[in-house]
Amino acid sequence: MARFSDIKGGRMARKITFRLDEKHLQELETCSLNFGASVSFLVRHLVVRFLEDQRRNNPSSVARLGGMP
């Protein structure tokens, strides 16, 4: 599982934009305040965690780029 410290200092390659409905955005902002982390940081953490889970449980669903384990 991805740890916050594993992705916090990582180099970001590209900016992406996505949309959430108001209810989910408010929940995410509340989590952000409770964790003391930015919304962007939480989203990055969740995406990395999802991709790691996919690699572990369904390796064919995630392309392995740049020699990632």
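**Entry 1: the pair in helix α2**

I began with E27 and K23, which both lie in helix α2, four residues apart, about one turn of the helix. I note at the outset that the model is predicted. The side chains of these two residues meet in a salt bridge, for which I record 3.9 Å from N to O. The cut-off is 4 Å, and the E27 to K23 pair at 3.9 Å falls within it. I then looked up how open the two partners are. E27 is partly exposed, at a relative accessible area of 41%. K23 counts as exposed, because its relative accessibility is 56% and the threshold for that class is over 50%.

**Entry 2: the pair in helix α3**

I next turned to R56 and D53, both in helix α3 and three residues apart, again about one turn of the helix. Their side chains form a salt bridge with an N to O distance of 2.5 Å. D53 counts as partly exposed, with 27% relative accessibility. The count of salt bridges comes to two.

**Entry 3: the chain as a whole**

I listed the secondary structure and found three helices and zero strands in the protein chain. From the N terminus on, the order of elements is α-α-α. The chain has 69 residues, of which 16% count as buried. I noted an accessible surface of about 6,000 Å², with 56% of it belonging to carbon and sulfur atoms. For contacts between residues at least 6 apart in sequence, I found that 53% join residues at least 24 apart.

I checked the length of α3. Its 19 residues should span 27 Å at 1.5 Å a residue, and the end C-alpha atoms are 27 Å apart, so the two values agree. The buried residues of this helix are F41, L42, V43, H45 and R55.

I then asked which residues make up the largest nonpolar core. I found five: L28, A37, F41, L42 and V43. Helix α3, residues 39-57, supplies the largest share of this core, with three residues. For A37, I set aside the neighbours within four places in sequence and found contacts with S32 and L42.

**Entry 4: a nonpolar patch on the surface**

Last, I looked at the surface and found a nonpolar patch formed by I16, F18 and L20. Together these residues have about 310 Å² of accessible area. I located F18 in the loop between α1 (4-8) and α2 (22-35). Is F18 buried, partly exposed or exposed? I recorded a relative accessible area of 45% for F18, which makes the residue partly exposed.

Conventions
Residues numbered from 1 in each chain as written. Predicted model: local features only at pLDDT ≥ 70, side-chain atom pairs only at ≥ 80, totals over all residues. Heavy atoms only, no water. Patch = residues over 30% accessible without salt bridge, like charges linked within 9 Å, V, L, I, M, F, W, Y side chains within 5 Å. Areas by Shrake-Rupley, 256 points an atom, 1.4 Å probe, with all protein chains shown as cover. Helix = DSSP H or I, 4+ residues; strand = E, 2+ residues; numbered from the N terminus. Buried < 20%, exposed > 50% of the residue type's maximum accessible area, 1.4 Å probe, protein only. Core = buried A, V, L, I, M, F, W, Y, C linked by side-chain atoms within 4.5 Å. Contact = heavy atoms within 4.5 Å. Expected span 1.5 Å × (residues − 1).
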